[in-house]
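Good morning, and thank you for coming.

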Amino acid sequence: MHASSGKDVLVLAPTGAGKTLSGFLPSFLDIHDRGSNGCLHTLYISPLKALTVDVHRNITKPIEAINLPISFETRTGDTPAGRRKRQKSKPPDFLMTTPESLALLLSYEDAETYFSRLRFIIIDELHTFFDNKRGDLLSLNLERITSLSPTAVRIGLSATINNPQRALDWITRDRGSLVEVSEAVRPEIEILEASSRIPWSGHSAKHVIKNIYENISRAGMSIIFVNTRAQAEFVFQELWQVNDKHRRIALHHGSLERELRRKVEASMAAGRLDCVVATSSLDLGLDWAEIDLVIQIGAPKGVSRLIQRVGRSNHRIDQPSRAMLVPTNRFEYLECLAAKLEIESGNLDGANFRVGGLDVLAQHLLGTACSGNFQADLLYAEIIKATPYSKLERDEFDAVIDFVSNGGYALKTYPQYSRLIETTPGTYALRDVKIARQYRMNIGTIVESPMLKVKLRNRMLGNIEENFILNLAQGDTFLFGGMVLKFDRLHDATVLVSKTSDNEAQIPSYAGGRLPLTTNLASAVRLLIGDKKNWKGLPGQIQEWLNMQDDRSHLPDNKRLITEAFEFKSRFYFVVYTFSGRNANQTLGFLLLRRMRRAGLKPMGFSISDYALAVWSLKPVENAEKLLDPSIMIDEFEEWLEETPLLKRLFRDAAIISGLVERRHPGKVKTGRQVLFSSDLIYDVLRRYEPDHILLKAVRRDAMEGLIDASRLAATLANFQDNIIFRNLDYISPMAVPLVMQISKESTVWSELTDDILAHNEEEIICAARVQSLH
Amino acid sequence: MHPSGALYWPSQFSLLVADLHFEKGSSYHKTGQFLPPYDTHQTLEKLETVIKYFKPRRIFFLGDTFHDMSAWKRMPDVNKSRLLNAVENLEAVWIEGNHDQGGVPDRFKSLEKIEVDGITLRHIMQRSFLGPEISAHFHPVGVIKFGGMRVRRPCFIKSDQKFVMPSFGVLTGGLDFSNEAFEEFHKCETQLFLLGRRKIFRSSERYLKNKKVGRR
């Protein structure tokens, strides 16, 4: 094999082809031939803690079978302190870990000896690293390892993607080779036939819970995947309501306490469960050969993601995986069918590659300094070898060093507190070892939204988004950990709850963080809708809905951008069917508010989905082309970017990742809210006094992709510039119904509007007061 | 009440400000967190603006004027003189807070509390005190929910006998009015005055708590 000859290699294989084990083979052979050298021999890196545990379990068999005298252990944030300490002084031959734990190991002063005799680095589920900051960090650390141990061979294991050459560039140094394993059989996917009416909007799947239950009852072990934690809670609860056959159903999501999650994983492996309701916490390569049905509730959002989930079932290469898609509303039905057709014709999503974040670089520079002095020239040369940073300019690199040292402000205040000191020109050292301790408590690029602990009497149940809790009043009930809980009060960043006898929660929990629809799948949905010939696979009620849309307004397709204006319940609506994903639609919403306000249309708010957005205003829109002119991406965009709270959210992440604000400080607990609020203020101060600060630059760059998705929006507007259809309707159109229904629940306000809302609120109170005084 | 968070008392020709937290940014520098060192500068700018606008004879600083004991020492000279110049021609009264007890510069005397025209001014509200009282300390923030949207703003709190000021400093966080710390206000007739961009907005406590208020 390639890797045995010392060449880096990328293996692309569909799920279930046994690629994880294949990654270990060269390593097994090597250690078999040469024997253990008492040092770290092979490093296995996966994106999930659970996966390291699972792989650890799975390689036990072959190692015992060929009687290899080696030690192999996992190391993650969950590893007990005692074992971590031993792993540091006496490393195992094989270490299975996550990117964060790797960064930690590399920050110790003995990193050089620790990694010096490393032979193999295996990176599993590589495709999950290309488009995020975690991948940035990993790529930097891989270069670090290469500097410490130049002969260590990289082996990347990835799901199949449609642009493998770029993935190869990302993972291998020069001369890397690509191994592609083609899929033996395509998965069998069906869409659940609903016996009842498919709802216009919502994501509850309540209308088909009985059908879902029948299917899991017939199957052996099954996994039900959902898109959000809230949805997981809801579905789990609903299933228990109808569980008259006493199936063993469990719940698994990232907010549950670690122990609870572990228990579920162990029960699954031991075959003590019939069904698990899970979020992406169980998405990746955990190998349970005995799962024979995967159910995806809600929109798949992307073809590759769906294949990944479907691949969880039936890990035998010669038999097809079985999966069932459950659309929860009408648009999702279209998306499910489009995804099914794409899989059948073998069209995959392309992987997205990003430019490395400067905040991640700042974290990495501090980590590198923690392990020992560094020379800026050498480190720069090392860093630009990492693909995401290959275009990093030297002056930016220097600015990041300055930032790490003392904040990088034009106004220099306390040089005695600098984190780094320049010992000789170009050589930097950590000022104080205490800083290393702080750094190690704050490693990582995943910034959770502020979370609060949920406590039932003396038991910790897990974490919940602070924003959700702030919207509750005492006595409100909500779903968590599979129980209906009553909110009692908030105490020291802990949510105190009690059990209730209610079966249904009053407040449907609602969480963001949903992935946007991929470009590839979006275009497949447009194609599906645009041509009636494609409607064969659609149930009667969906066809009827589309036909109504065709009669009353216009059907979206691949060539035109459909827009509508109508009055409904004394508000004027303007709807644009962009199919550009929720992030781009949200951005367009904000920009339209701005432009419409300027045009005197008095816009008040908007709501979005992956497919469209609806803006409501006090005056009607009469000209769509003017509003959607691509110049909006320059005029309004620049202005908006300066003010948007979204940028503040990104800034918060960047401030934390870069180490400007700490998540944890030795001996201190900081709650999410404190971090959020102070980072907002820092952002304002910085923008005012140092608009060119490196961190603001980092945030602006992040904003273009991801949350703001400006590039995708710009492409949509430019493509359809001359093909905008505007329909002025007497009444709400069938396709707009879901968005308009959503408006009261989750519309977004423009930050400048806040004063208008306050004023409005005041008026209402004054009115109420007048009415009272009349009585 | 001024949208900056300052309070003007016309009959006393007095201006009240609270929780300026000078040098809060730099207080983090020794822990290795390099917050932007411009907060003092910006808070001073705000202070100069309101003094210019109201032209008071007296100014009351209601505590936590400085973020910590050594804040005055840390303050760059240019900012020190700006602060001194700002209050030069008026009578400045410094009430001490929990952050800056004894940390007010030598040339000013700091008081635990003061009574003005029958109203007690102090840093932290005293529950057992029954007379009229103006305090600060909590950095209160009000949240208005409206048709699924939330607006969060610093606010003044006013009940029958108690009045709580928002923080005037630019780098200071806030505590939601729903917090237990404001428990006693939840039980009585209370009004909040939220700081808008250009004006103050009024909201009653009842309205804030009633989360299901929709549009007409």
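Predicted model: local features only at pLDDT ≥ 70, side-chain atom pairs only at ≥ 80, totals over all residues.

Strand 4, residues 91-95, and strand 5 of chain B pair in the parallel sense over 2 bridges. Within that pairing, Trp94(B) has Ser110(B) in strand 5 as its bridge partner. In general, the strands of a sheet pair through backbone hydrogen bonds, in either a parallel or an antiparallel sense.

What is the order of the strands in the open sheet of chain B? The sheet has 5 strands, in the order 1-2-3-4-5, and its pairing is mixed. Its edges are strand 1 (7-9) and strand 5 (110-111) of chain B, each of which pairs on one side only.

I turn now to backbone angles. Asp64(B), which is not a glycine, has a positive phi, near 50 degrees. This residue sits in the loop between strand 3 (58-61) and helix 3 (71-74) of chain B. Is Asp64(B) buried or exposed? Asp64(B) counts as buried, because 31 C-beta neighbours lie inside 10 Å and the cut-off is 20 or more.

Asn67(A) belongs to the loop between helix 2 (49-65) and strand 3 (72-75) of chain A. Here the residue is exposed, since 7 other C-beta atoms lie within 10 Å and the limit for exposure is 12 or fewer.

Finally, chain A as a whole. The chain has 28 helices and 28 strands, and 49% of its 775 residues count as buried. Of the contacts in chain A between residues at least 6 apart in sequence, 75% join residues at least 24 apart.

Methods. Residues numbered from 1 in each chain as written. Chains lettered and ligands numbered in written order. Helix = DSSP H or I, 4+ residues; strand = E, 2+ residues; numbered from the N terminus. Contact = placed C-beta atoms within 7 Å. Pairing = 2+ DSSP bridges.
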